[in-house]
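Visitor: Please show me the model, and then we can go through it by question and answer.

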Amino acid sequence: MKLHRIRALLRKHYYLSTAGISRSFDMLYWPAFGLIVFGLTALFVEEQGADIRIFLIGGLILWVVFERLQQDINIYLLEDFWSGNVANEYATPITSTERFIALFITALIRSIISLGLMALLGYTLYAFNFFNIHPAGILYALPLFLTAWALAAVVAGLVVQHGIRIQMIAWAVAALVQPIAAAFYPVSILPNWLQPIAYMTPLAHTFEGYREALAGNFMLGQLITATILSVLFILIGYAYFVYSENKGKENSTIAEN
Amino acid sequence: MNALEVKELSKNYGTYQALDNVSFSIKKGEVFGLLGPNGAGKTTLINILIGILTANKGEVTYFGETLNESVKNKINVSSAYRSVSAMITVEQNLRVYADIYNVKNPEERITELLKRFLINDIRKKKVREISSGQKTRVNLCKALINSPEILFLDEATAGLDPQIAKTVREEIKKLDCTILFTSHIMSEVEELCDRIAFLRKGKIIGIETAEHYKKLLHKTHTNPTLEDVFISIAEEKL
Ligand SMILES: Nc1ncnc2c1ncn2[C@@H]1O[C@H](COP(=O)(O)OP(=O)(O)OP(=O)(O)O)[C@@H](O)[C@H]1O
Ligand SMILES: [Mg+2]
């Protein structure tokens, strides 16, 4: 063992840590985030005491579907970056829309399989029936999928525009929005100033609506709000993706990968 | 009709001008060589021509049309700088590209190409597991999958052993398409190309046959080769 070699590695780690904000972000955001989400959940458990299983297991299943969908869309695109196949594929007649749709379909199939597995486990291990909801509750899948797709489109756009140096965002972004998604607690538990922000995203409406559906209620207004917002999000996400493909062709990110 | 027409193409990377008013045209069926020192702008030019890099200025037409879906179906590229998906097999990759171009009888086409480039034995291997010379040939198979009418080869023969390189040259000669060819192997360029454009610091400084270039060196060299021409041009003596 040689100290100078350890020092060399420490020097490398230091350079990496100060090269961009992503490493500092890892150090600060994740710990803070974990504390906040679980703190809020604990607050809620204390207040409510009621059927907490619905909130936690139901919320988790829905959340994981959302996160998997977004991540898979991005990871299948990243695969081409890792292989050096991006430029090859962009030289073919494949259009932005075609790429966008194909990524979504693959990720959707995979996340539905994940959903099936989690629903099964929830039922067998914890006697929690994910589908024991108001039948119209299933419609919340639409805004959930669209929002995941929209978020993935923004991340895909960032990657196409700036290259794989920002690939970490594909794994981080869902968790970034988690605190205001109200996946594990109702929006009302959030600080007052944060509540209107949460309600500007389709996620909060989706999770609240799904919980209502689990309790046997169906709130049409909430579903409509969630859906309209998610359509808005996907349009913005798609527009950004197309814009970033053009940027990636100007700044050579696509040609270099 | 010209297969490819390039008019006053310029490209800047930030403040660096990589291409400066490049113009040329390639006749249908011609094999057109593009030579120039490292950093001259050859890859930049090809990237623009295949539609993955945007030029700052200029115009390109393919059989008289600008780059549209139908043109994209009729061109293809093989580049030493790229690879197909590393995590899936050679065969699977080619199948994907065959589907993109809606190739008829994809299985037969794939087998035919793999045999022509002597890599049918590795068709079931994952791309990350094959050698660089094998990868080079997989890229060529990918580039030929749609029987392109214009083929862009950017150092597409780099890293092949002499015997395989010969086979690949023979295959390229047999192709019935227009080719834009870059390589740093002068003998290969001389053997394959009908005309050669020299690019230096983003500017075209000549478009001639190899014979013509060599004649320019008669005063200073006995039996000048294309390599002598290249070096003279790179040293700005020509
Ligand atoms: N993304 C980029 N950003 C900035 N400059 C770039 C970029 N890509 C290429 N360049 C510069 O543009 C010039 C042309 O590069 P290009 O890759 O086209 O050269 P080339 O002729 O293909 O060289 P080689 O023979 O080494 O392959 C070089 O000076 C290079 O440094
Ligand atoms: Mg090059």
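**A shared site and an interface**

Guide: Ligand 1 is surrounded by residues from chains A and B, so the site is shared between chains. This is a predicted model, in which local features need pLDDT of at least 70 and side-chain atom pairs count only at pLDDT 80 or more, while totals for chains, interfaces and linings use all residues. Residues are numbered from 1 along each chain as its sequence is written, chains are lettered from A and ligands numbered from 1 in the order written, and side-chain values use heavy atoms, without hydrogens and water.

Visitor: Which residues come nearest to ligand 1?

Guide: A residue counts as near if one of its heavy atoms lies within 4 Å of the ligand. There are 16 residues around ligand 1. Those that come nearest are Glu256(A), Lys42(B), Thr43(B), Thr44(B) and Tyr81(B).

Visitor: How far does a polar side-chain atom of Thr44(B) lie from an oxygen atom of ligand 1?

Guide: For comparison, a polar backbone atom of Gly39(B) is 2.8 Å from an oxygen atom of ligand 1. For the polar side-chain atom of Thr44(B), the distance to a ligand 1 oxygen atom is 2.6 Å.

Visitor: How many salt bridges does the rule find across the interface of chain A and chain B?

Guide: In contact (heavy atoms within 4.5 Å) are 19 residues of chain A and 22 residues of chain B. A salt bridge needs a side-chain nitrogen of Lys or Arg within 4 Å of a carboxyl oxygen of Asp or Glu. Across this interface the number of salt bridges found is 0.

Notes
A polar contact is a pair of N or O atoms within 3.5 Å; within protein, one must be able to donate a hydrogen and the other to accept it, and residues adjacent in sequence count only if both atoms are side-chain atoms.
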